[in-house]
Amino acid sequence: MAAETLQQRVEARLAQAAPGTRFGLVVAADDGHELIAIAPDARFIPASNTKMFTTAAAFANLPAMDQPDTTGGAAVGLDGNDVRLIGNGDARLSSAADCTIDCLAVLADAVAARTRRVNDVIGDDTAFPDQRWSPGMSWNNIPSSDGTGISALTIDDNRISLTVTPASVGSAPTFQLSQPYYTVLNQAVTVATGKTDLTVDRMPADRTLRLFGTIAADAKPESIGLGIDDPAHYAAWRLKALLEVRGVKVRGSVRSVHRPLAFADDPEKRGNAPPTRPAAGEVLAKLTPPPLTQDMTTINKVSQNLHAELTLRRVGLLRGTGSIEDGQQAVQALLASAGVPRTGFDFSDGSGMSTYNRVAPRSAVKFLRWVAAQPWGATWRATLPIAGYDGTLKSRFQGSTLQGRLFAKTGTLNATRALSGYMIAKSGRTLTFSMFANDEPSGTSARETMDAALEMVASEN
């Protein structure tokens, strides 16, 4: 009887996962020869592997990525007696008390230096069309910090936190918001023993949230991340607070202005007509955030959804209107340059939260090999998590032959896992791989099986 091939042994290892799990795997040698090809052209939900394509499109298209970001920073201006806070796509604006870089306080200082009395404080995110959530994102993610609204005017990652602390048994726990932006209807209960199981529910565009469930009396405080549905309004709300601290009297209200999605925001419908963008007005001050390369590292290392979505829109603004569709056109052009067949992918967002996204393993490997040959390829690869050391791979492959020798983007979504990138085999050769697990049965995980299969390939090459 002939000895089993490596692919057969890998397939046998994958068969140990929960029944029903669907795998795709391609591993290519440094010369492009495929060592493993399991469902290579089948299409899988890639989850956060989507961020690989978004960040690569940024490196391929956005200028001066390693220089301070002179275009994306937020600005502030005066419209008569109103203050207008203007977003330009920056993902890192901060209102933290200890902020030292890219700080909303700098813009508040500029207003306070000009006037001591204003009417309305307006958050303006019209730099991008109003597409706060991408097609195919599950609606139940909207209240969470992973599903926060996408806006050209972003601050503090468009998140706040709710910290819940147990009280006496039978009574409601206490809670504290990091910012009092929401009203909390507290229906949770402190229990003597058992599992802490808290849930926050909120309807879209509603600033009242309901806290319910249980927290054990001896439990540590529980922190729950909350998303913001109207980031431009929240940013203006934060600016109002900073102005008042500086002695500026705000006589009016906080409000936001948006640019409704239009026919011309789709490049296929726009055709050869030039894209229309809002005219830039005069400003009192404008921030210059750090280089975008730093943010690409954040996106890929920790899988930051909001920053990835803003990157897609920044790319789409170069030749379009900053719409999702304009960003996707740039990603499609990138993949065409890489020789990836159009049937090998479909994307509806820039982060991987959409269940509409699809990628074939062979197409992902072709893309990764092309990226490695680009002038910016090494810089892009350095943004990926390192097995056993950092990012979303910090706790994986520890103590294995791939610790410190695998550089890859992770992906996790409902019933979905992904891992794609580069690994150094036992021989010292660099292998390129893309692996997906879809349709994981509830309560199961294919992660251990995926890692074991990759270790097997690396040890035998």
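# A friendly tour of a predicted model

Me: How many residues does helix H8 have, and what span does it reach from its first C-alpha to its last?
Reply: Happy to start there, keeping in mind that this is a predicted model. Helix H8 runs over residues 324-337, which gives it 14 residues. At 1.5 Å a residue the expected span is 20 Å, and the helix comes close to that, reaching 20 Å.

Me: Which elements do the buried residues of H8 pack against?
Reply: Let's begin with the residues themselves: Ile324, Asp326, Gly327, Gln328, Ala330, Val331, Leu334 and Leu335 are the buried ones in H8. Their packing partners are helix H2 (50-61), helix H5 (267-270), helix H7 (305-319), strand S16 (345-346) and helix H9 (361-372).

Me: Which residue just after H8 takes a positive phi?
Reply: H8 covers residues 324-337. Just after the helix there is a glycine with a phi of about 80°, and that residue is Gly339.

Me: Are H2 and H6 roughly parallel or antiparallel?
Reply: Two packed helices are described by the angle between their axes and the distance between the axes. For H2 and helix H6 (residues 292-302), the axes come within 10 Å and cross at roughly 170°. Angles over 145 degrees count as roughly antiparallel. That crossing therefore makes H2, relative to H6, roughly antiparallel.

Me: How do the residues of the contact of H2 with H6 divide into nonpolar, polar and charged?
Reply: From H2, the contact uses Lys51, Met52, Thr55, Ala58 and Phe59, while H6 brings Thr293, Met296, Ile299 and Asn300. Sorted by kind, these residues are five nonpolar, three polar and one charged.

Me: Where is Ser303 found, and is it buried or exposed?
Reply: Ser303 has a positive phi of about 65° although it is not a glycine. Its place is the loop between H6 and H7.

Me: Which residue with a positive phi follows H4?
Reply: H4 takes in residues 231-245. It is followed by a residue whose phi is near 85°, namely Gly247.

Me: What is the relative accessible area of Val118?
Reply: Val118 sits in strand S5 (residues 117-118). Leaving aside neighbours within four places in sequence, its contacts are Asn81, Val83, Val111, Val248, Lys249, Val250, Arg251 and Gly252. Val118 is buried, and its relative accessible area is 0%.

Me: What distance separates the C-alpha atoms of Asn119 and Lys249?
Reply: Asn119 lies in the loop between S5 and strand S6 (121-129), and is partly exposed at 25% relative accessible area. Beyond its neighbours within four places in sequence, it is in contact with residues including Asn81, Val250 and Ser253. Asn119 and Lys249 are 130 residues apart along the chain, yet their C-alpha atoms are separated by 8.3 Å.

Me: Which backbone oxygen does the side chain of Arg259 reach?
Reply: Arg259 belongs to strand S14 (residues 254-259) and counts as buried at 14% relative accessibility. Its side chain makes a polar contact of 3.3 Å with the side chain of Asp265. At 2.9 Å, the Arg259 side chain also reaches the backbone oxygen of Thr321.

Me: Which side chain is joined to that of Thr410 by a polar contact of 3.4 Å?
Reply: Thr410 is part of strand S18 (residues 406-413), and with a relative accessible area of 7% it is buried. Setting aside neighbours within four places in sequence, Thr410 is in contact with residues including Ser48, Thr392, Arg396 and Leu419. The polar contact of 3.4 Å joins its side chain to that of Lys409.

Me: Is Asp439 buried or partly exposed?
Reply: Asp439 lies in the loop between strand S20 (430-438) and helix H11 (447-459). Its phi is near 65°, a positive value in a residue other than glycine. At 44% relative accessibility, Asp439 counts as partly exposed.

Note on methods:
Residues are numbered from 1 along each chain as its sequence is written. This is a predicted model: local features need pLDDT of at least 70, side-chain atom pairs count only at pLDDT 80 or more; totals for chains, interfaces and linings use all residues. Side-chain values use heavy atoms; hydrogens and water are left out. Helices (H or I, at least four residues) and strands (E, at least two) are DSSP runs, numbered from the N terminus. The expected span of a helix is 1.5 Å times one less than its number of residues. Buried means under 20% relative accessible area, exposed over 50%, partly exposed in between (1.4 Å probe, protein chains only). Contact means heavy atoms within 4.5 Å. A polar contact is a pair of N or O atoms within 3.5 Å; within protein, one must be able to donate a hydrogen and the other to accept it, and residues adjacent in sequence count only if both atoms are side-chain atoms. Axes are lines fitted to C-alpha atoms, for helices over the stretch in contact, and angles run from 0 to 180 degrees between N-to-C directions. Angles under 35 degrees count as roughly parallel, over 145 as roughly antiparallel, 65 to 115 as roughly perpendicular and the rest as oblique. Ala, Val, Leu, Ile, Met, Phe, Trp, Tyr, Cys and Pro count as nonpolar, Asp, Glu, Lys and Arg as charged, and the others, Gly among them, as polar.
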